[in-house]
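This report is meant for a reader who has not seen the structure before.

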Amino acid sequence: MKIDFVTPRYGPVGGAENAVSALAKRVAEIPGWEVRLHATCATSSSSWVNDESPGESHFGSLTVSRYLVDSGRTDTWAALDHRIQSGTSSVDAVTQDDFFFHQGPVSKDLANAVQDSDADLVFFAPYLFWPTMAVAPLVADRAVIVPAAHDEPFLKLSRVGELLQQSRGLVYGSRAEQRLLQRTHPVGHLPSTVLGWGIEPPSDGAPEILAELGLSNRPYVICVGRIEHAKGTLGLVDFWRTLRSRSGTDHRLVLVGSPSIEIESDEDVIIAREIDDEAKWSLLRSADFLINPSALESFSLVLFEAWAAGIPVLVNAYCETTRSHVNEAQGGLWYHNYPEFELAVQRLTDDEATRNRLAANGQMFAERAYGWDRIVRRFTEFCDHVA
Amino acid sequence: MSDSQSDASYFKEVVAEIEAEAQRRSSSGDYPRALLRSLDEEFRRWVPDASLENGVEETIRAIEAAAYVDPAVPVSSRTPVGRCVKWVVRRLTYFYHRHVTQQITALGIHITRPLRLLDASLKSVHRRLAALEDRFDVDAAARSELAAGISTFSSPEEFGEILSEHFSKVSGRVLIGDLHEVQLLRTLRDAGVNIYGVASTDALVEEVVDVRQENLFDHLGDLQNESLDGFVLSGIPDRGSVNEQLRAFRLLLLKSKPGAAVAVIVVHPETWAARLGPVAADLLHGRPMHAETWSYLLAREDASQVTVIEASDSSYCLVTANLP
């Protein structure tokens, strides 16, 4: 079997890209499977500037082809983005095409390479960017979409519905994502699988990061991911500052990720920008628990990283995906509002027995439900079925 | 109690404790109203509408919370002089602010009132619907408990061959649901039928690819009309109420293309009565429908080649047909 993956970027960037890359690496190791991943030379999703050199590289048995970006995120994008965010029903197809063009990353070389490929199936992830929206329709009879979608205005665009309906099949991260897509567009009858994603084994870590951030002797909780409004980070910071002023807890909140909003470290909150994977694992292991405040998640790999690191999680109860992971795993708690947040944080910080019990549940669940053996088996079965 | 059961009950206990205590503290005024409102503003901004469990109720609460405007302007300041000046201005203008904010609060009350009435009407409709359902039928929970004694159909291999032949000329998607075991699906897929399954339990999802764990009615509700090239209706004819059977049938017809190949697998009423105790047989009276009834329903839709095949042990019947 010969399969291609198409993602906007390759490397330790972006949840969906990371998850797909990790899967591609593992599938490439199976005898008889030939796997290539097409990506642009960009690493930043806010500019799509060419950071890497174009050409072919090998990572184990996986071949990665990178192509130059012809056009990245433009000034026109912000206005189009605002228009779609304000309501999708009045946005015509031409404007939608325009939006996806300016959303980027546009790469004609990537499009040509995918069209010329003789792969049996081509997997596109995630749905929201030009390589999926513009290139998948060119190979519709072989295109399988990995939407990595959550409930957002872009998902409701008619062009997205057309893309999904034309495709050969769909791969979902969670049942909640499958339900969301089936409710939004008539794709319930298309071949599909709920795969879920695996995580790379935790690295040994870089414990010096704790000293660098002044956390060697201080308890803290952690939040990993893009620091932005839509991910609920500002809401979390508000909650956290209120909690600190009300309860006087010693714990600090450590935000790991690149901020797209103005936020500075202070007594309550520490920002750990642009840290590498090893430092992230060290921070995870030494935290009391992880908070994911986002209500917009299609899978949330970071929960599984937290469980692998041996800590429980606290999630936004309005996110169907993360709440259902936590409920199935019994590996953490959730909150609907500030009072529940305050009580859940107090329970997780003060009650070590509960913390350990929830962490152990989460760890077991992650190994059982989202171990790589299961994911790769289900993926290859799905490929055989669809191809 | 096993470890996993004890973990599950402990987890539920902790969640329930937190929710109850949060509720208690909120209603006892532990948190200043203005504080909760300002925290809620950013938190709720990114919550998708679809994920609000009690949408109308919560929206009304949010409007009510937002409609209350506190006339006491904060006076905190970096300097004591600043604080003092702000305090004096607040005292001097309080009558004005109070007048304005009272009008805004009154407007909020007028807005939420019709919404509350609407919410009350909706709840009343729900109650009446539930009462109506009770009059027609034994409720779903009791039914699934009583029908648990019925095993799934016993001769999939026998039907597999006939169904493979029946769907042999169908190239598009064929749905089988509600799926209770995977052997029939495997047989049909091996025979080249482009079939997928909908199962109400998740065990089958792990066993075979392209099976989704979903309520069949929800699944059919989301499908576009005329998107199926065929269907096999199973499970629901054995366990569902008459209304559910007819609803599933109507939805499947709506979602099927003209000329679709269709099939219904149904337990023989005598087998059904024999396998259930007298309690279930009494309370679930009237189910399942006879194969003749399915033939009649299909014939009424102008289906052609309506055929009834009985399993060799007479426990189940297969009804096949082609839609016009």
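The domain bounds used here come from an automatic or database domain assignment. The structure is a predicted model.

## Domains of chain A

For chain A the assignment gives domain 1, made up of 2-198 + 371-386, and domain 2, which covers 208-369. The centres of domain 1 of chain A and domain 2 of chain A, taken over C-alpha atoms, are separated by 28 Å. Domain 1 of chain A puts 16 residues into the contact between them, and domain 2 of chain A puts in 13 residues. On the side of domain 1 of chain A that touches domain 2 of chain A, the elements giving two or more residues are helix H1 (15-28) and helix H7 (175-184) of chain A. That side of domain 1 of chain A consists, by class, of 6 nonpolar, 7 polar and 3 charged residues.

## Two helix pairs in chain A

Helix H2 (residues 75-85) of chain A meets helix H3 (residues 93-103) of chain A, with axes that come within 9 Å and cross at roughly 130°. Angles over 145 degrees count as roughly antiparallel and 65 to 115 as roughly perpendicular, so H2(A) is oblique to H3(A). Their crossing is left-handed. From H2(A), the residues that make the contact are A:Thr76, A:Trp77, A:Leu80 and A:Ile84. H3(A) contributes A:Thr95, A:Asp98, A:Phe99, A:His102 and A:Gln103. Sorted by class, the residues of this contact of H2(A) with H3(A) are 4 nonpolar, 4 polar and 1 charged.

A second pair in chain A is formed by helix H9 (residues 233-247) and helix H13 (residues 338-350), whose axes come within 10 Å and cross at roughly 65°. The crossing of H9(A) and H13(A) is right-handed. On the H9(A) side the contact involves A:Phe239, A:Thr242, A:Leu243 and A:Ser247. These meet A:Tyr338, A:Phe341, A:Glu342, A:Val345 and A:Gln346 in H13(A). The contact of H9(A) with H13(A) has 5 nonpolar, 3 polar and 1 charged residues.

## Backbone geometry in loops of chain A

| Cis peptide bond | Omega |
|---|---|
| A:Gly104 to A:Pro105 | about -10° |
| A:Ala125 to A:Pro126 | near -20° |

A:Pro105 sits in the loop between H3 and helix H4 (108-116) of chain A. A:Pro126 is placed in the loop between strand E5 (121-124) and helix H5 (130-135) of chain A.

Positive phi values come next. A:Ala148 is not a glycine, yet its phi is positive, at about 50°. The loop that holds A:Ala148 runs between strand E6 (143-145) and helix H6 (158-166) of chain A. Is A:Ala148 buried or exposed? A residue is buried if 20 or more other C-beta atoms lie within 10 Å of its own. A:Ala148 has 25 C-beta neighbours inside 10 Å and therefore counts as buried.

A:Gln330, also a residue other than glycine, has a positive phi near 50°. A:Gln330 is in the loop between helix H12 (320-329) and strand E14 (332-335) of chain A. Because A:Gln330 has 24 C-beta neighbours inside 10 Å, it counts as buried.

## Chain B

Chain B contains 14 helices and 7 strands. Of the 324 residues in chain B, 27% are buried. Among contacts in chain B between residues at least 6 apart in sequence, 65% link residues at least 24 apart.

One of the residues of chain B is B:Leu184, which lies in helix H7 (residues 183-190) of chain B. B:Leu184 counts as buried because it has 25 C-beta neighbours inside 10 Å. B:Leu184 and B:Glu161 are 23 residues apart along the chain, and their C-alpha atoms are separated by 9.3 Å.

## Contact between chains A and B

How many residues does the contact take from chain B and from chain A? Chain B gives 37 residues and chain A gives 39 residues. On the side of chain B that touches chain A, at least two residues each come from helix H1 (3-27), helix H2 (33-45), strand E3 (211-213) and helix H9 (216-222) of chain B. H1(B) provides the largest share of that side, 12 residues. The classes on the side of chain B that touches chain A are 21 nonpolar, 6 polar and 10 charged residues.

Note on methods: Residues are numbered from 1 along each chain as its sequence is written. Chains are lettered from A and ligands numbered from 1 in the order in which they are written. This is a predicted model: local features need pLDDT of at least 70, side-chain atom pairs count only at pLDDT 80 or more; totals for chains, interfaces and linings use all residues. Axes are lines fitted to C-alpha atoms, for helices over the stretch in contact, and angles run from 0 to 180 degrees between N-to-C directions. Helices (H or I, at least four residues) and strands (E, at least two) are DSSP runs, numbered from the N terminus. Angles under 35 degrees count as roughly parallel, over 145 as roughly antiparallel, 65 to 115 as roughly perpendicular and the rest as oblique. A crossing is left-handed if the near helix is turned anticlockwise from the far one by less than a right angle, and right-handed if clockwise. Two residues are in contact if their C-beta atoms, placed from the backbone, lie within 7 Å. Ala, Val, Leu, Ile, Met, Phe, Trp, Tyr, Cys and Pro count as nonpolar, Asp, Glu, Lys and Arg as charged, and the others, Gly among them, as polar. A residue is buried if 20 or more other C-beta atoms lie within 10 Å of its own, exposed if 12 or fewer, and partly exposed in between; C-beta atoms are placed from the backbone.
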